[in-house]
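Reader: I'd like a close look at one part of this model. Please keep it brisk.

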Amino acid sequence: MRRRAEGAQSPSLLHQESSAVTKVLRDVLGEDVQRIVVEGDAALREVQELVSRIEPALGSRIHGHAGPEPLFEARGVQHHLERALRSRVWLKSGGSIVIQSTEALVAVDVNTGKYTGTRRLEETILRTNLEAAVEIVRQIRLRDLGGIIVIDFIDMETQASKDEVLLALQSEMRRDRAKSRVLQISEFGLVEITRQRTKRSLERLLCLPCPTCSGSGRLKSPETIVYEILREVRRLGRLEAATRVVARVHTEVASFLEEERPGLIDPEAFPARTRLEFEADAALRHGQFTLTLKEAD
């Protein structure tokens, strides 16, 4: 790059980030890849040129996508992407796993759900945990989860069951290209995995934090917002008689007040002829409100 800079005229391109196609092939290309299907002539040429340089022997495995449907739809990729962005993933047996990412770690919880087995509870738990172990590793790779991953398997009574689940988990993790380490199952049924974080997770790559809840996944209840408004009104101090306090709120909060106002707001809490009025404003976010003082009509 330095040599390019010395002989180039300004402005000139010195370095360009690799395309998405190049990044994907660089990460996954290997002898275990049986077939590479590419949509679009330009992308197909790019893949063929790249593979001819780094893995010429795999050139015959490159195929262009043919068909009326988009590639992601035809191969079910879009469905798997949408599934990978959900917190809950259902297992074929009727159980489920719940994946929650935090700043410190990724928590994975295994639930039996509708599956009850045919013999006894221990069989149900073991089969659910074994199925979950395979799906968890698949989701870790698909979502590109890194750092500390804590899995809460369903509690198992026998050591043989614990060893079988741990062996299945370790076997699946060996297929992962990222460096990882799997610790033993604790007495509480927890397994800790440390996995090398090489890039942003799928969720961070495809999604933005919710502007309404700031990424927390929770909103204040309409009741909470109303009480905040009442506290703000009290902070205004003594109001002149016959003052109108107009609170503009989100439409959902306004709808809630139409039904619940008599039980929430005490008219005697305000000076004589002072009214607290609410107006719906769809432009406001759920927890936002504004207060305006007006003279009585």
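In which loop is the place of D144? Please go on from there to the other parts you can describe.

Author: This is a predicted model. D144 sits in the loop between α6 (121–143) and β6 (147–152). Look at its backbone. D144 has a positive phi of about 55°, although it is not a glycine. Most residues other than glycine have a negative phi. Is D144 buried or exposed? Its relative accessible area is 11%. The cut-off for buried is under 20%, so D144 counts as buried.

Now turn to helix α6, where L121 lies. L121 has a relative accessibility of 58%. Exposed means over 50%, so L121 counts as exposed.

Next comes a sheet. It is open and has 3 strands, in the order β10-β9-β11, with mixed pairing. The edge strands are β10 (275–280) and β11 (289–295), and each of them pairs on one side only. On average, neighbouring strands of this sheet are turned by 25° against each other, direction ignored. Strands of a sheet pair through backbone hydrogen bonds, either parallel or antiparallel. Which sense do β9 and β11 show? Strand β9 (residues 243–249) pairs with β11 in the antiparallel sense, over 7 bridges. Take R248 as an example: its bridge partner in β11 is T290.

Helix α9 (residues 222–235) lies across β9, β10 and β11. Helix α9 runs at about 45° to β11.

Definitions and conventions. Residues are numbered from 1 along each chain as its sequence is written. This is a predicted model: local features need pLDDT of at least 70, side-chain atom pairs count only at pLDDT 80 or more; totals for chains, interfaces and linings use all residues. Side-chain values use heavy atoms; hydrogens and water are left out. Two strands pair if DSSP finds at least two bridges between them. Helices (H or I, at least four residues) and strands (E, at least two) are DSSP runs, numbered from the N terminus. Axes are lines fitted to C-alpha atoms, for helices over the stretch in contact, and angles run from 0 to 180 degrees between N-to-C directions. Contact means heavy atoms within 4.5 Å. Buried means under 20% relative accessible area, exposed over 50%, partly exposed in between (1.4 Å probe, protein chains only).
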